Amino acid sequence: MKLSELKKEKKFKVSPLYALERKNNLKALIIFSVIAAILVFITVAMFNLMEDTLKMLEGMFENNPELKDQIAELIGSQNIATYFVLQAGQMWGLLGIIYAAFLGCKLVGGNLKDGSYEMLYTQNVSRTKIVLNKFVRLVINLLIFNAICGIFGLVGMLIWGYGQFNVLNYFAYWLFLIVMSVQAGAISFAFALFGKRKYTTFLSVVVAVAFYFIAYLGIAGSNFEFLSYLTPFAVVLADVVNSGLTVVNYWSLAIWTIIPIILMFFAMKNFKNTDIV
Amino acid sequence: MVPCEVMNLKKYYGKNMGVEDVSFNVKEGEIMGFIGPNGAGKTTTIRAIVGLLKPTDGSVAIINHDAFKEGDKARGELGYAGGEPSYFPNLTVLENLKLVADLKGVSYDRIDYLATKLELNLTRKASELSLGNKKKMCIVMALLSSPKLIVLDEPTVGLDPIIKLNFFELMEEEKKRGASILISSHTLTDIQRLCDRVAIIKQGKIIAVEEMAQLKTKQLKTVTIETSYSSPQITLSGVSNLKSNGNLIKFNYNGEMKKLIKFLNSIDVTNISIEDAGLEEIFLHFYE
């Protein structure tokens, strides 16, 4: 390449760090988003099959209506809104939290793993700025991920449940899923800043999945309700699409908004003031 | 203004010592060599200079900016290529170089010149390059912004002889421009050829900082003698690095010439060669 051609090359229109992270994480974003969105869409599409299943169950358990109701409640086949939260929403939430944990860890640990950290952290850009750029990338990718899942879910709901759910409640639930994934991503990001190479993507995903199951135990029985406060998941396990904002656990929402902020603050401070590796 | 000043640098990894009380500086427009065996603390010192490591004690100043506390300002005046090539593997060579130029806030003007000089293919994916080409790419990254201080850790590893010559030319050009250069290397001939001064580090401590010319004129001589009988006793004091192969004996000598000549007269020497010791011999002498 000649000098004249190089001079014609346009500089990055946005921050080079931002553009770099966009390029580095595009593949994972597409893979996670497309898989999650298709699964959400297919799950919504299966609601009609659930209705058939329920009718079959009604026949099977005609003599035991209590058991029939319990099974229906578990599947969420009473109406499409509840079904969405219990089936599609949980899949979306689980994949979202896994993606958030994976991305939060990869954004920090990726450079340490492939050796590019030396090049990156020896330029005249402060560590804080580099880390903040990475965090912005995390939030934007999570917004895109949730936007794609949300659109696929909404299209499915409109096709198979038009008029049977409150669209505003759907948007509220969508918002809570975004908040929850950002909370999870921030926690993973903070842990990665603390742990550096020791905090692997595998470990971050294990922590995220463990959070999910702890929260699930929390809603399974009133004896374990306190568990729902221990993870950011409690908000998205509530039947918001059907019942609206009244069922939201605002305490859990507040706790899990404050915790990542505090963690991020100390993690960034620690990262700034210690060896890179 | 001293471009790089390392003051009583101490770095511990937990209880393990990395370097202890390292002090030296790199003056304006000079090429400084940094030599020492593996594990002596060269890379630890260099990584503290470029701000990757936080000193346990002491400090590093780059153009009057603390390398760790004011890292972004200090690194604005710095070009660095580490011992292990560091780059973004999923980008091409050109994309990597453009990224560095953008982060440094400089134009792409020098990319073409430097890449041509080091015969670097800009279109290849960085991860597919050989070690030598990766090193060349990292050298170009370090020089892109025409920094005041250039820090290169083992830059000639993997370079073929012709590219090495071009690299030496580049270093001379940078020196003429007024840049200060710190080079760590195991290849002592490279250090001997390039550097104005050399700092020698041993077990985490600087044991000597010498002008290269002064180092070469040290009394250390390499003496090679051939005798009429095998394995004569070498009882002379000041002898080091003694190697004997039948009638042929080679050693380094650091002492008075009179005593050497007197000793050589006492044994039956059939052939003799006395030379100024090369840097390698001087280096080994320091480590004995």
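**Reading chain A and a helix pair in chain B**

Q: What percentage of the residues of chain A count as buried?
A: Burial is judged by relative accessible area, with under 20% as the limit. In this predicted model, 49% of the 277 residues of chain A are classed as buried.

Q: How many helices and strands does chain A contain?
A: Secondary structure is read as runs along the sequence, numbered from the N terminus. Chain A has 12 helices and 0 strands, and its pattern is accordingly written α-α-α-α-α-α-α-α-α-α-α-α.

Q: What does the C-alpha trace of chain A span along its principal axes?
A: The spans are about 80 × 45 × 30 Å. As for contacts in chain A with a separation of 6 or more, 77% join residues 24 or more positions apart.

Q: At what angle do helix α3 and helix α5 of chain B pack?
A: Helix α3 (residues 93–104) and helix α5 (residues 131–143) of chain B meet at about 25°, and their axes lie 9 Å apart. Angles under 35 degrees count as roughly parallel, so α3(B) is roughly parallel to α5(B). Their crossing is right-handed.

Q: Which residues make the contact between α3(B) and α5(B)?
A: From α3(B) come Val93(B), Asn96(B), Leu97(B) and Val100(B), while α5(B) provides Met137(B), Val140(B) and Met141(B). Sorted by class, the contact comprises 6 nonpolar residues, 1 polar residue and no charged residues.

Terms used:
Residues are numbered from 1 along each chain as its sequence is written. Chains are lettered from A and ligands numbered from 1 in the order in which they are written. This is a predicted model: local features need pLDDT of at least 70, side-chain atom pairs count only at pLDDT 80 or more; totals for chains, interfaces and linings use all residues. Side-chain values use heavy atoms; hydrogens and water are left out. Axes are lines fitted to C-alpha atoms, for helices over the stretch in contact, and angles run from 0 to 180 degrees between N-to-C directions. Helices (H or I, at least four residues) and strands (E, at least two) are DSSP runs, numbered from the N terminus. Angles under 35 degrees count as roughly parallel, over 145 as roughly antiparallel, 65 to 115 as roughly perpendicular and the rest as oblique. A crossing is left-handed if the near helix is turned anticlockwise from the far one by less than a right angle, and right-handed if clockwise. Contact means heavy atoms within 4.5 Å. Ala, Val, Leu, Ile, Met, Phe, Trp, Tyr, Cys and Pro count as nonpolar, Asp, Glu, Lys and Arg as charged, and the others, Gly among them, as polar. Buried means under 20% relative accessible area, exposed over 50%, partly exposed in between (1.4 Å probe, protein chains only).
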